[in-house]
Amino acid sequence: MAAKNRTLSLSKRGFDFEIFMWLYTRLSALAMYLCAFIGLVGALIMGAHTQVNFADLLRWSFMPDSNHVLMNTTLNNIANAAAWASVYWKLMGSLFVAFAVSHGLHGVLSVEEDYLKNPVVRKILRYVVLALTIVGIAIAMDVIWTR
Amino acid sequence: MGLKRNVSLKDALRYQGKGPMLTYFLHRLGGLGMVTFVGLHVLASFMGGTVGRSINIIYENWVFQIVIFFLVLFHMINGLRIIILDLWPKLIEHQREAIWLEWMVFLPVYGMAVYVIVSTALGV
C-alpha cells in the first residue's frame with residue numbers, strides 16, 4: 001500500500017511572509033527551549049546544585065539575568081556573583097527576550113487576525129504589533145543591561 | 001453583532017474536537033496570558049518605583065505563580081507537540097495519542113512546579 005503524500009512541496013506552496021512567520025514561530029520556540037536549557041546547565045556549572053534553591057534555579061532558567069535571581073533569597077549563598085552577572089549571560093538573556101517578544105507578539109497578531117474582520121483595523125494593528133515588538137525588546141534590553 | 005451568540009460559551013468550548021479543541025483554547029489562553037502578565041512584569045521592572053514594585057509583588061505572589069506556571073508550562077509543552085507534529089507531518093496520524101502523551105508529560109511537570117511553589121511559600 002503506497003502512502004499518500006499529504007504535504008505540498010515548498011515550490012507549490014510558495015514562501016511568503018506568513019509562511020516565514022509560521023516557521024519562525026516554531027523555530028523560535030525551539031530556540032527558547034535551547035536558551036532555557038543552556039541557562040539551566042550554565043547555572044549548574046556555576047554551582048547552583050549547592051548554592052541556589054530549586055525555585056531560583058527555575059527562575060534563572062526562564063531568564064538568565066542575575067537580578068532575576070539575586071534580588072530574591074540566595075545572594076548570600078552564591079560564591080561567585082560576578083560570574084552570574086557576566087556579559088555572556090546578559091547576551092543570552094537578550095537573545096531569549098528577543099525570541100520571546102517577537103514570538104509572543106506575532107502570536108497576538110495571529111489571534112487578533114482570526115477574530116477581526118475589518119481589513120483597515122487589521123492593517124493598522126500590524127503596525128501596532130510591529131511597534132510593540134520594537135518597544136518591548138528595547139524595554140527588556142534596558143532592564144537586562146542597565147540594572 | 002453585540003453580545004448575543006447562537007452558541008453558548010460552554011458549547012463553543014466543546015466544539016467538535018473536544019480534547020484537541022481544549023488544547024487549542026488553552027494554548028491561546030496561555031499565549032495571551034504570557035504576553036499580558038510577563039509583559040507587565042518586565043514593564044514593572046523597567047518602571048520601578050511604587051507602582052512597579054506593587055505590580056511585581058502581585059506577580060511574585062505564590063497564588064499568581066500557580067496561575068502563571070500553568071499558562072507557561074502548558075504553552076511550552078503543547079507548543080512542543082505542535083512543533084513535532086508540524087515539522088514531521090506524517091506523525092499527524094497519531095495526533096490523538098500525542099495529546100494523551102502531552103497530558104501525561106504536563107500533569108507531573110506542573111504538579112511538581114505547584115509543589116515547589118507551595119512548599120517555598122510555606123517555607124518548608
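**View 1. Val128(A) sits in helix 8 of chain A.** In this predicted model, local features need pLDDT of at least 70 and side-chain atom pairs count only at pLDDT 80 or more, while totals for chains, interfaces and linings use all residues. Residues are numbered from 1 along each chain as its sequence is written, with chains lettered from A and ligands numbered from 1 in the order in which they are written. Helices here are DSSP runs of H or I with at least four residues, strands are runs of E with at least two, and both are numbered from the N terminus. Val128(A) has 15 C-beta neighbours inside 10 Å and therefore counts as partly exposed. For that label, a residue is buried with 20 or more other C-beta atoms within 10 Å of its own, exposed with 12 or fewer, and partly exposed in between, the C-beta atoms being placed from the backbone. Leu109(A) is 19 residues away from Val128(A) along the chain, and their C-alpha atoms are separated by 9.5 Å.

**View 2. Helix 8 of chain A, seen along its whole length, has 28 residues.** From first C-alpha to last, helix 8 of chain A reaches 40 Å, close to the 40 Å expected at 1.5 Å a residue; the expected span is 1.5 Å times one less than the number of residues. Look for Gly136(A), Ala140(A), Val143(A) and Ile144(A), which are buried in this helix. Their cover includes helix 7 of chain A together with helix 2 of chain B.

**View 3. Helix 8 of chain A (residues 119-146) packs on helix 2 of chain B (residues 19-47).** The angle between them is about 50°, and their axes are 9 Å apart. Axes are lines fitted to C-alpha atoms, for helices over the stretch in contact, and angles run from 0 to 180 degrees between N-to-C directions. Helix 8 of chain A and helix 2 of chain B are therefore oblique to each other; angles under 35 degrees count as roughly parallel, over 145 as roughly antiparallel, 65 to 115 as roughly perpendicular, and the rest as oblique. The crossing is left-handed, a term for a near helix turned anticlockwise from the far one by less than a right angle, with right-handed for clockwise. On the chain A helix, Gly136(A), Ile139(A), Ala140(A), Asp142(A) and Val143(A) meet Gly39(B), Val42(B), Leu43(B), Ser45(B) and Phe46(B) of the chain B helix. By class, this contact of helix 8 of chain A with helix 2 of chain B has six nonpolar, three polar and one charged residues. Ala, Val, Leu, Ile, Met, Phe, Trp, Tyr, Cys and Pro count as nonpolar, Asp, Glu, Lys and Arg as charged, and the others, Gly among them, as polar.

**View 4. Helix 7 of chain A also crosses helix 2 of chain B, at roughly 125°.** Their axes come within 10 Å, and the angle makes helix 7 of chain A oblique to helix 2 of chain B. This crossing is left-handed. Gly104(A), Leu105(A), Gly107(A), Val108(A) and Val111(A) meet Arg28(B), Gly31(B), Leu32(B), Met34(B) and Val35(B). The residues of this contact of helix 7 of chain A with helix 2 of chain B are six nonpolar, three polar and one charged.

**View 5. In the interface, 17 residues of chain A are in contact with 17 residues of chain B.** Contact here means C-beta atoms, placed from the backbone, within 7 Å. On the chain A side, two or more residues come from each of helix 2 (17-45), helix 4 (54-62), helix 7 (87-115) and helix 8. That side divides into ten nonpolar, four polar and three charged residues.

**View 6. Within chain A, helix 2 and helix 4 pack at an angle of about 135°.** Their axes are 7 Å apart, and helix 2 of chain A and helix 4 of chain A are therefore oblique to each other. Helix 2 of chain A passes helix 4 of chain A in a right-handed crossing. Here Ala36(A), Gly39(A), Leu40(A) and Ala43(A) meet Leu57(A), Trp60(A), Ser61(A) and Phe62(A). The contact of helix 2 of chain A with helix 4 of chain A has six nonpolar, two polar and no charged residues.

Key: Contact = placed C-beta atoms within 7 Å.
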